[in-house]
Amino acid sequence: MEIRANRRRSREVRFQPRKGDTYRDVISHSADLGPSVESARDVGILLSRENIELRKRPIRAIVRTPDYRLPRDLRTWSLDYLNYRAKTGRIYNDSVLCLASDILSDDVVKLRAGRYFDFMCSNLLAPLDIWEVGRKSPALRGRDLILDADGRLVPFKRSRLANHIGVSTLALTTDGQLLLVAQTDDNIGSPGLLAPSGSGALEPRDVPRDTDDYTIQQVVINGAERELREECHLTAREIEESSLVGHGRWVSRGAMPEFCAVTLLNLSGDQMLDRSPRRVEQSYVHEFMPVSLAPLRLWDPNRPLEMLPQHRQAVSWPLALGLACLAECIKDESWSLRKAVLARLEG
């Protein structure tokens, strides 16, 4: 009876994407946070002021309790929406870490555990409007999930959404090539697009277990390198060093937080071409692509797609954000990896 009731209900609910929504008003109201970052399909914000602090000093993090729980009103649509998303790609209810505070609002960054389905049923509803049969207005307007009464983005500490933390890294080979990942159409994150060298969600296992005193930089780098090893079939020995370069808010995906790093590899581009994705990753990773970046004179945080002119139509938003952060960092003489990155690019 419950299954039949759910099936009847699913026929009465429609999830309507707002494909023409460019979020120009949101970007305009968020100009004080940083410049906008656009990719082939999505838009978000580079949080420049916070990124300066992230590169300048360690910022302590804690995992607080209780875990994130989906608000009651959003649970109303959860089964219907999961059924809707299951038709477009593979989904798993893995454990993830969510952001519960803003980077500069407190002395410590607050994280909390959650489930991937909660993220899907909160942040991923934001680009949609929910309509029910017989209603003349939406039962839920997705924009209301991320904006306050003044049309500004709701801070993470006041958000009702899961806000699971996306992490990625741009890996540079010994001959100065950027390693990209071509994602399959089954990948929920950026189906069919080019992604950073490693990208995914921050997980509880990325938090250091041997100490209670750790930083958000450590946790993000742990997660980014884990994703890099998994997706690009690498070992820990083949990773030389990583550095956190910044973060932003992916407005097109419920204004979720996305952090990015840069990693130096001990492998050349040709050595990476000799590898293939692990079998467990082949549902999500089509191939690895070592590519050359545009000359340094063309690097501009406000125009990151010009750093990959031959691939700009296939760039995912996490990749566009990572490129914008890299362009910002390369001009910062205090950045720890600046000399090493320049040596690879110019050598």
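Reply: Start with strand β9, residues 166–172. Seven of its seven residues are buried, so β9 is largely enclosed by the rest of the structure. Buried means under 20% relative accessible area, exposed means over 50%, and partly exposed lies in between (1.4 Å probe, protein chains only). Strands here are DSSP runs of E with at least two residues, helices are runs of H or I with at least four, and both are numbered from the N terminus.

A word on the source: this is a predicted model, where local features need pLDDT of at least 70, side-chain atom pairs count only at pLDDT 80 or more, and totals for chains, interfaces and linings use all residues. Residues are numbered from 1 along each chain as its sequence is written, and side-chain values use heavy atoms, with hydrogens and water left out.

Now the two faces. In a regular strand the side chains alternate between the two faces of the sheet. In β9, Gly166, Ser168, Leu170 and Leu172 point one way. Val167, Thr169 and Ala171 point the other way. All of them are buried.

Next, the partners. Two strands pair if DSSP finds at least two bridges between them. Strand β15, residues 256–265, runs parallel to β9, and seven bridges join them. Leu172 stands opposite Leu264 there. Strand β12, residues 198–201, runs antiparallel to β9, with four bridges. In that pair, Val167 faces Gly200. Strand β10, residues 178–183, also pairs with β9 in the antiparallel sense, over two bridges. Here Leu172 has Leu178 as its bridge partner.

A disulfide is a pair of cysteine sulfur atoms within 2.5 Å. The whole structure has zero disulfides. Cys260 is in none; its nearest cysteine sulfur, in Cys325, is 3.4 Å away.

Finally, the wider setting. A nonpolar core is a set of buried Ala, Val, Leu, Ile, Met, Phe, Trp, Tyr and Cys residues joined through side-chain atoms within 4.5 Å. The largest one has 73 residues, and Leu125, Ile146, Leu293 and Trp335 have the most contacts inside it. Helix α8, residues 317–329, gives the largest share of this core, 10 residues. A second, separate core has 19 residues, including Leu97 and Ile165.
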